[in-house]
Amino acid sequence: MDVFEAMARRRSVRKYSDKPVSDADLDRILTCGGQAPSWVNFQCWEIIVVRDVQTKEQLMETLSKNNPARQAMVAAPVVLVACGRKGESGYHKGQPTTVLGDWLMFDVALFLHNVTLAACALGMGTVHVGSFEHAKAAEILAVPQQVQVVELMPLGYPEGDWPKGPKRKAIQDFLHWEKY
Ligand SMILES: Cc1cc2nc3c(=O)[nH]c(=O)nc-3n(C[C@H](O)[C@H](O)[C@H](O)COP(=O)(O)O)c2cc1C
């Protein structure tokens, strides 16, 4: 599968089979994540791999009852917890260099996007989970103060049909030529 196919095919997968994710495939996917660009190549991402069922259950409880990704948190054989070291991305000598402050979310997102495409190319699904109690997840996983938990990402083989996903805007609905 080439990158064009992977981008077109990638969808949020929220139903997972219990087929395991091999260490070799996980390594390959995370290696693709690590190829992402980042601010001054700081690679401020820190990734926690969770396979333990009890930990996945605890993490599921950090999602609200109406979050559609709740079941995925326990059904997927792997949950990646994507974090970023604070105060590095977008900083020079301890000071933010742009009005946007800390760029850690941007860098972590680039890492995760590579992960989603690589997983898709290997026939696996992922879903970004951003809506959860971040402080609670950090406590469960013993994440240090200087590191920010950003996202939870279930990873595994989809159960049933590959999801269709919501429609996209037409390009002309977001495109501006020359000026806004
Ligand atoms: C930053 C971010 C946070 C998200 N958080 C959640 C979430 O908490 N729960 C969920 O079910 N989906 C979540 N999603 C998935 C989006 O709903 C999904 O990507 C969007 O509807 C487009 O569908 P598609 O991924 O299938 O193309 C999130 C996506 C992004 C990029």
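Visitor: How do S5 and S6 pair, and over how many bridges?
Guide: In this predicted model, strand S6 (residues 147-156) and S5 pair in the antiparallel sense, over 2 bridges.

Visitor: Which residue in S6 is the bridge partner of Thr126?
Guide: The partner of Thr126 is Leu155.

Visitor: In what order do the strands of the sheet run?
Guide: The order is S1-S2-S6-S5; these 4 strands form an open sheet with antiparallel pairing. Strand S1 (45-50) and strand S5 (125-126) are the edge strands, each pairing on one side only.

Visitor: Which strands does helix H2 touch?
Guide: Helix H2 (residues 23-34) packs on the sheet and touches S1, strand S2 (78-85) and S6. The direction of H2 makes about 165° with that of S1.

Visitor: And where does helix H5 lie?
Guide: Helix H5 (residues 104-121) lies across S1, S2, S5 and S6, and runs at about 10° to S6.

Visitor: Turning to the ligand, which residues come nearest?
Guide: There are 16 residues around the ligand, of which Ser12, Arg14, Asn67, His128 and Arg168 come nearest.

Visitor: What classes make up that shell?
Guide: The shell around the ligand comprises 5 nonpolar, 6 polar and 5 charged residues.

Visitor: Which atom of His128 faces a nitrogen atom of the ligand, and at what distance?
Guide: A polar backbone atom of His128 is 3.1 Å from that nitrogen atom. As for side chains, an N or O atom of Arg168 is 2.8 Å from an oxygen atom of the ligand, and a polar side-chain atom of Arg11 lies 3.0 Å from an oxygen atom of the ligand.

Visitor: How much of the ligand's accessible area does the protein cover?
Guide: The protein covers 66% of the 630 Å² that the ligand has on its own.

Conventions: Residues are numbered from 1 along each chain as its sequence is written. This is a predicted model: local features need pLDDT of at least 70, side-chain atom pairs count only at pLDDT 80 or more; totals for chains, interfaces and linings use all residues. Side-chain values use heavy atoms; hydrogens and water are left out. A residue is near a molecule or strand if one of its heavy atoms lies within 4 Å of it. A polar contact is a pair of N or O atoms within 3.5 Å; within protein, one must be able to donate a hydrogen and the other to accept it, and residues adjacent in sequence count only if both atoms are side-chain atoms. Accessible areas come from the Shrake-Rupley method with a 1.4 Å probe; for residues, only the protein chains shown count as cover. Ala, Val, Leu, Ile, Met, Phe, Trp, Tyr, Cys and Pro count as nonpolar, Asp, Glu, Lys and Arg as charged, and the others, Gly among them, as polar. Two strands pair if DSSP finds at least two bridges between them. Contact means heavy atoms within 4.5 Å. Axes are lines fitted to C-alpha atoms, for helices over the stretch in contact, and angles run from 0 to 180 degrees between N-to-C directions.
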